[in-house]
Amino acid sequence: MAPRVCILCCQAVKWAPVVFISAIVGWSYYAYVVQMAILTADTLVEKVIFLVLYHPILFLFVWSYYQTIFAKCRTPPKEFFLSQNEWQHLEAETNENNQKDQLNNFARKLPIQNRTIAGFPRYCEKCKCVKPDRCHHCSVCSVCVLKMDHHCPWYVVNNCVGFHNYKFFVLFLGYALLYCIYVALSSLKYFINFWSGGGATGVGRFHILFLFFVAVMFGISLISLFGYHIFLTVHNRSTLESFRAPIFQTGADKDGFSLGSRANFVEVFGDQKSHWFLPVFTSQGDGVSYASRLQPTITYNTMGTTPRPEPNLGDGVTYPTRTVDLDSDGLLGQRQRWMEEGDNESTYDNKGIESA
Ligand SMILES: [Zn+2]
Ligand SMILES: [Zn+2]
């Protein structure tokens, strides 16, 4: 009984931010449609314009939010997973070099370019699989997620942002920002009326006052977030990759998957312009294999020796959370584990110099 109660409590906590955001949106609907557009707007024309413009924006905003939350995480295909025999064989091997060779042989047939600092396949010992390019293990979801961007506990509860929903997430941010801007601008006149003593009376004026404040507050916070993800999209980086560059045969390269701004945009939003602004899945590829600057067409020469990269492993920022198990290759030795997981005591500064 107790565990069931605990599970329900955990679920309630996990979903609390979604409930909170949904409640804010629900209240804003009442405040805008009923209190402002219907009861307060000065003329019939104004009422109609407010209502006609408001609803499509709200619809796209809610639709993209829904898609972001409920899109199903995509995990590596079965050929990336070791069989029971292969796993037992690997685990029974005590010589580290032999373990590495076994892993390398297993990955030789897989379409991967990214590797660890020592040049071996990235491996998840929790899922017992070789990680496809750009894939990371999320310790919140307990799975490896294709092209994982981040696990966001606020806007996207119970779901990672990754290949399966990155387009939805960017659209959600964009429409949420548009919603805030529209509500703030259209309520500005009535907000000013409030201070000059005119306009709505009673409770209605407080709804409009708070509506304006909430729209401005959320709008300001969304500008930087939306701008950042547009930047990442046109540079073909995930949030994780912007903090720590993926490693290729030639070394670490944070722009390794960048194919030019337009191609990068199309990779996420698809090549049909009519679908760019709709939260339907149009991202290109399978989420497993990616063209890169080294290999613009998808042909793979997988593992080889990787020279020690220039010490520029990203944007010089230590990733702030541990929701992501960044390539926890337990079989591959402590040095490699350090380089893959990051280290709490050692970081790279923005000049790429290792510092304690
Ligand atoms: Zn995993
Ligand atoms: Zn997750």
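Predicted model: local features only at pLDDT ≥ 70, side-chain atom pairs only at ≥ 80, totals over all residues.
A crossing of two helices is left-handed if the near helix is turned anticlockwise from the far one by less than a right angle, and right-handed if clockwise.

View 1. Residues are numbered from 1 along each chain as its sequence is written, while chains are lettered from A and ligands numbered from 1 in the order in which they are written. Helices (H or I, at least four residues) and strands (E, at least two) are DSSP runs, numbered from the N terminus. Of the 356 residues in the chain, 37% are buried (20 or more other C-beta atoms, placed from the backbone, within 10 Å; exposed means 12 or fewer, and partly exposed in between). Contacts (C-beta atoms, placed from the backbone, within 7 Å) can also be sorted by sequence separation: among those between residues at least 6 apart, 66% join residues at least 24 apart.

**View 2. Follow helix α5, residues 166-196, from end to end**. Its 31 residues should span 45 Å at 1.5 Å a residue, and the end C-alpha atoms are 44 Å apart, which agrees (the expected span is 1.5 Å times one less than the number of residues). Look for leucine 188, where a kink of about 50° in α5 is centred; the bend is the angle between axes fitted to the seven residues ending there and the seven starting there. Just after α5 comes glycine 197, with a positive phi of about 90°.

**View 3. Helices α2 and α5 pack with their axes 8 Å apart**. The angle between α2 (residues 44-70) and α5 is about 155°, which means that α2 is roughly antiparallel to α5. Axes are lines fitted to C-alpha atoms, for helices over the stretch in contact, with angles from 0 to 180 degrees between N-to-C directions; under 35 degrees is roughly parallel, over 145 roughly antiparallel, 65 to 115 roughly perpendicular and the rest oblique. This crossing of α2 and α5 is left-handed. On the α2 side, look for residues including Phe50, Tyr54, Ile57 and Phe61; the α5 residues that α2 meets include Phe168, Phe172, Tyr175 and Tyr179.

**View 4. On its way to two partners, α6 spans residues 203-235**. The axes of α5 and α6 come within 7 Å and cross at roughly 150°, so α5 is roughly antiparallel to α6. Their crossing is left-handed. The axes of α6 and α8 (residues 261-269) come within 6 Å and cross at roughly 105°, so α6 is roughly perpendicular to α8. Here Thr233, Val234 and His235 in α6 meet Ser261, Asn264, Phe265 and Val268 in α8.

View 5. Most residues other than glycine have a negative phi. Serine 142 is exposed because 10 other C-beta atoms lie within 10 Å. Asparagine 236 counts as buried because it has 25 C-beta neighbours inside 10 Å.

**View 6. Glutamate 125 sits in the loop between β1 (123-124) and β2 (129-130)**. With 17 other C-beta atoms within 10 Å, glutamate 125 is partly exposed. Glutamate 125 and histidine 137 are 12 residues apart in sequence, and their C-alpha atoms are 9.7 Å apart.

Definitions and conventions:
Contact = placed C-beta atoms within 7 Å.
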